Amino acid sequence: MTAPGQEASGLTRVMDLHGFRFPLGTETLGVSRQPRERRPGTLNLKSCELQHPWSDRLVGDELAALTLRDTIAYPFQDRVLDTLCAYHGLESTNILLTAGSDNGIGLVVDALVRPVGRLLLQEPAFEAWHHYAALRRVRVTGVPGVIGTPPVADPNPLLDALRDAPGPSVAAVTNPGSPSGLLFSPSTMRRFAETARALGHLLVIDEAYGDFVHVSHAPLVAEFPNVVVVHSYSKAFALAGLRISALLGHPDLCEHIGRFRSENAVGAPGVALLERLAPQRERWREIWRDVRAIRRDFVDRILAAHPEWRVLQPGANFATFWSPDPATADAARDHLAAHHVRIRSLSGVPGLCGCFRVSLADRPQMRRVARLLDSVTDRPSARRDGLTVEEGPAR
């Protein structure tokens, strides 16, 4: 559907710009643009940035140590790539820096999905996959990744889709899952890689939250030439504002994707900070352990007050809760919003009906959020045995 003053035909539309008419593509008509909105005084527990006092100090100290040249000069990546080789156990030719995982996914769609025209997307998945596929006019086949109530991870639909896909395709899976927090085992991920290779498919693994649960798929990259990993330093190292991630893959694939000149989108401050932060792995592991401890304390408080709820494990720097009452997800979101806390209801996400996600802040903030959630109750028709029934005849 075109706006007034526009005429759409085929792959182009004519845009009327106050009397100046010019043809533009129609691919943007099906996607939205939602710039981030400032909400002063609101605690953001929706976007899953790493919020921890120790990471604040660590990043702040290293940021203060940057020089003027680290900001005003074009970045060189040789030293940071050497650092990341040690971090991932790969060669520098296996690593391609990108301006955040969103940009990395766009590059994968451009360089790898668009030529074959088929994306098998295990859902739920990061919205960027659908966004960039729509912009590139790529057909997406959604593949369920969770089943049941409460939801559990199910590998079989993706395995079946890999076997049924006509010709070479790209399959994308998120592990640990976002926004579910569910995790596939190493043996399952290996099975995905083996099945995809045997049938001529590329497997892309989005591990944006892997560091929080000690999960790395870099060993699969070293073994399987058909595996590409999206790794987010923005998430793990509290660098969301600097937007820095990497694609890990076979050297020839990285060389091919690199022709799209992704390095030109990565800024010098991000490169300089990453070079300083990545070698401090033990300090980060200490932070991630404490994030998990905060999560355990928060989850225990929530489930003590709501024994009918469940939490999806193992999570990451967030906790995803399921209630037998589908209305609870929106109720929790709205109740917290009234107290200036943002979380995400997953009521419209495939396979996650009745779920809502809360990212983590420090202990005092999470205790306050837990107290606020005490006031959220399921409808009387939601039974405590994990099933939902309405008053009157069962459905």
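Two residues are in contact when heavy atoms of theirs lie within 4.5 Å. The structure looked at here is a predicted model, where local features need pLDDT of at least 70 and side-chain atom pairs count only at pLDDT 80 or more, while totals for chains, interfaces and linings use all residues. Residues are numbered from 1 along each chain as its sequence is written, and side-chain values use heavy atoms, with hydrogens and water left out.

Leaving aside neighbours within four places in sequence, S245 is in contact with L96, L97, T98, G100, S101, H231, S232, Y233 and S234. S245 sits in strand β13, which covers residues 245-248; strands here are DSSP runs of E with at least two residues, helices are runs of H or I with at least four, and both are numbered from the N terminus. With a relative accessibility of 0%, S245 counts as buried. For reference, buried means under 20% relative accessible area, exposed means over 50%, and partly exposed is in between, using a 1.4 Å probe and protein chains only. A polar atom of the S245 side chain also lies 3.0 Å from the backbone nitrogen of S101.

Strand β13 belongs to an open sheet of 7 strands, in the order β5-β13-β12-β11-β10-β6-β7 and with mixed pairing. Two strands pair if DSSP finds at least two bridges between them. At the edges stand β5 and β7 (139-144), each with a single partner strand, so one side of each has no neighbour in the sheet. From one strand to the next, the twist averages 20°; for angles like this, axes are lines fitted to C-alpha atoms, for helices over the stretch in contact, and the angles run from 0 to 180 degrees between N-to-C directions. Inside the sheet, β11 (residues 202-206) and β12 (residues 227-232) pair in the parallel sense over 4 bridges, and I205 has V229 in β12 as its bridge partner. Helix α4 (residues 100-116) lies across β5, β6 (118-123), β10 (170-174), β11, β12 and β13, running at about 30° to β13.

There is a second open sheet, this one of 4 strands, with antiparallel pairing and the order β14-β15-β18-β17. Its edge strands, β14 (310-312) and β17 (344-345), each pair on one side only. Strand β18 (residues 355-359) is joined to β15 by 5 bridges and to β17 by 2 bridges, antiparallel again. R344, meanwhile, stands opposite R357 in β18. So where does β18 end up, covered or open? Mostly covered, as 5 of its 5 residues are buried. Both faces are covered, with C355, R357 and S359 on one side and F356 and V358 on the other. A nonpolar core is a set of buried Ala, Val, Leu, Ile, Met, Phe, Trp, Tyr and Cys residues joined through side-chain atoms within 4.5 Å. Of the 83 residues in the largest nonpolar core, L97, F237 and F298 touch the most other members. Helix α12 gives the most to this core, with 8 residues. Apart from it lies another core, of 26 residues, including V228, L247, L253 and I257. As for F298, its contacts beyond four places in sequence are A319, F321, V358, L360, M366, V369, A370 and L373.

Helix α11 (residues 268-277) is largely enclosed by the rest of the structure, because 7 of its 10 residues are buried. Those residues are A268, G270, V271, A272, L273, L274 and L277. They pack against α1 (53-64), α2 (69-72), α3 (78-88), β5 (95-98), α9 (233-236) and α12 (281-305).

Finally, the cysteines and a proline. The structure holds 0 disulfides, a disulfide being a pair of cysteine sulfur atoms within 2.5 Å. The sulfur of C85 is 11 Å from the closest cysteine sulfur, in C254, which is too far for a bond. C85 is buried at 15% relative accessible area, and C254 is buried at 7%. P155 is in the loop between β9 (152-153) and α6 (156-164), and at 18% relative accessibility P155 counts as buried too. Not counting residues up to four places away in sequence, P155 touches F184, T188 and F192.

Key
A polar contact is a pair of N or O atoms within 3.5 Å; within protein, one must be able to donate a hydrogen and the other to accept it, and residues adjacent in sequence count only if both atoms are side-chain atoms.
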